[in-house]
Amino acid sequence: MNESPGVRTAGSASGILPSDGRARNLSLVRQTLHSSGPMSRADLSRALGLTRVTVSDLVADLMERGHVVELGQSEKGRPGKPAILVDLNRRGLQIIGMDLAENGVLRAAVLDLDGNIVDRLERSIGPETGDAVVSQVLRLAADAVELATAPLLGIGIGTPGIVNPDGVVVEASNLGWKNVRLRDLLQQHTGLPVLVSNDADAAVHAECTFGDGSDDMILVKIGRGVGSGLIVGGRRVRGAHSGAGEIGHVTVGTDGGAMCNCGKTGCLETWMSVPNLERKMAEAAASPEPEAAADALFREAGERLAVALAPVVGALDLSEVVLSGPPHLLDGQLLESVEATLLSRLLKQDPAPVSVRLADDAPDIVLRGTSVLVLWNQLGVA
């Protein structure tokens, strides 16, 4: 993913202080090791276009900080003294990830720097909202910190709703939150750096970093609510009010529909959220023709989602639509309905201008995405 700013050495541009250039070069070393794996100092020097003396100094600094470790001698047969390999401290540093968007449960995990889950825990959540949920989140974070087996870089959180750059949940109607200063509350509670993101934005980071996400895509996260994360030209889109991708409360159709908890009628969430899909599945199962009723349910839900997506896909010329959520609800009829309806509403091209698929590793996609946020914030690694 191309969200990292360009790296400049100390003398590469006027107005760049030496300290700025050093910080950028430290970040570049970490980024290179994270993406390429173990390297010798000489290989790093060649890859970065920096002198060996400069690279050795940068590596020594990063080793002192605990960000980089030596792994021993290289096995490559080269003349002269064997080179010592260095790498990012992948197992010696950890991150806490939290997913607040799943239906009926709050989830947390301890992750290493490669996004692998070391340990996890969950807390069931009922219909409670507001401060009651905040209290549960704070307790879950504290419990997750206790599970860590290495120094923690920070905590990443994926939550429903609109999140501003200061980590304030401006509004999350499904949780009954309005202007909740979640980042500040968790930092005070744990003493760790905290990054708060919309859950769909976290998920699209994971898909691009650890999965097969493209540079122009929309990922629709379907859980307790419905939201989406947008990548355009390799960069995540935030929007003027940090609400890019908030499609859950877009009204789909002019034929009414169910009342949404936001106060409107016919929002996409009333068709596509997990609680609403499961409720309608139960109704279909009790009908005289359960299979036909279930097919009709998923076909219509897919059509409604495609109605919301078509203008976005067409206007931004996206190449990929990715759905993330429970496979037993999304795979099959619903996925097929989204693709068929979407293609029928876009300019016809051969081959088709957009593909529709399920996300990689959907159950843990938000947890892994939040680790990407912390990696970038703390180490400059994306």
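Visitor: By class, what residues does the lining of the second largest pocket have?

Guide: The lining of the second largest pocket has 6 nonpolar, 8 polar and 6 charged residues. Here Ala, Val, Leu, Ile, Met, Phe, Trp, Tyr, Cys and Pro count as nonpolar, Asp, Glu, Lys and Arg as charged, and the others, Gly among them, as polar. Please note that this is a predicted model, in which local features need pLDDT of at least 70 and side-chain atom pairs count only at pLDDT 80 or more, while totals for chains, interfaces and linings use all residues. Residues are numbered from 1 along each chain as its sequence is written, and side-chain values use heavy atoms, with hydrogens and water left out.

Visitor: What volume does the second largest pocket have, and which residues are the closest to its centre?

Guide: The volume is about 260 Å³. Of the 20 residues lining this pocket, Gly161, Glu171, Ser173, Glu246 and His249 are the closest to its centre. A pocket is an open set of points on a 1 Å grid over the protein atoms alone where a 1.4 Å probe fits, with protein on both sides within 12 Å along at least five of seven lines; lining residues have an atom within 4 Å of a point. Grid points are joined across faces, edges and corners, and a volume is the space filled by probe spheres set on the points.

Visitor: Which strands each supply at least two residues of that lining?

Guide: They are strand S9 (169-172) and strand S13 (226-232). Strands (E, at least two residues) and helices (H or I, at least four) are DSSP runs, numbered from the N terminus.

Visitor: And the largest pocket: what is its volume, and what lines it?

Guide: The largest pocket has a volume of about 530 Å³. Its lining comprises 25 residues, and Leu195, Val196, Arg236, Arg238 and Leu373 lie nearest the centre. Two or more lining residues come from each of strand S11 (194-198), helix H6 (199-209) and helix H12 (365-379). S11 gives the most, with 5 residues. By class, the lining has 12 nonpolar, 8 polar and 5 charged residues.

Visitor: H12 came up there. Is Ser371 buried or exposed?

Guide: Serine 371, which is placed in helix H12, is buried, with a relative accessible area of 0%. Buried means under 20% relative accessible area, exposed over 50%, and partly exposed in between (1.4 Å probe, protein chains only). Not counting residues up to four places away in sequence, serine 371 touches Ile95, Leu111, Gly115 and Phe210; contact means heavy atoms within 4.5 Å.

Visitor: How far apart are serine 371 and proline 327 in space?

Guide: Their C-alpha atoms are 23 Å apart, and the two residues are 44 residues apart in sequence.

Visitor: Let us turn to the packing. Which residues of the largest nonpolar core touch the most other members?

Guide: Among its 33 residues, these are Met272, Leu305, Leu309, Val321, Leu323, Leu334 and Leu342. A nonpolar core is a set of buried Ala, Val, Leu, Ile, Met, Phe, Trp, Tyr and Cys residues joined through side-chain atoms within 4.5 Å.

Visitor: What is methionine 272 in contact with?

Guide: Leaving aside neighbours within four places in sequence, methionine 272 contacts Ile222, Val226, Leu277, Ala301, Leu305, Leu330 and Leu334. Apart from this core lies another, of 29 residues, including Val110, Val137, Trp177 and Leu186.

Visitor: Now the sheets. What is the order of the 5 strands in the open sheet?

Guide: The order is S14-S13-S12-S15-S16, with mixed pairing. Strand S14 (235-236) and strand S16 (355-358) stand at the edges with a single partner strand each, so one side of each has no neighbour in the sheet. S13 and S14 run antiparallel and are joined by 2 bridges; two strands pair if DSSP finds at least two bridges between them. In this pair, isoleucine 231 stands opposite arginine 236 of S14.

Visitor: And what about the open sheet of 3 strands: what is its order?

Guide: That order is S1-S3-S2, with antiparallel pairing. S2 and strand S3 (residues 84-88) pair over 5 bridges, and glycine 72 stands opposite leucine 85 in S3. S1 and S3 pair over 2 bridges, with serine 40 opposite leucine 85.

Visitor: Finally, where is aspartate 361 placed, and what is its phi?

Guide: Aspartate 361 is in the loop between S16 and H12, and its phi is positive, about 55°, although it is not a glycine. Most residues other than glycine have a negative phi. Aspartate 361 is partly exposed, with a relative accessible area of 35%.
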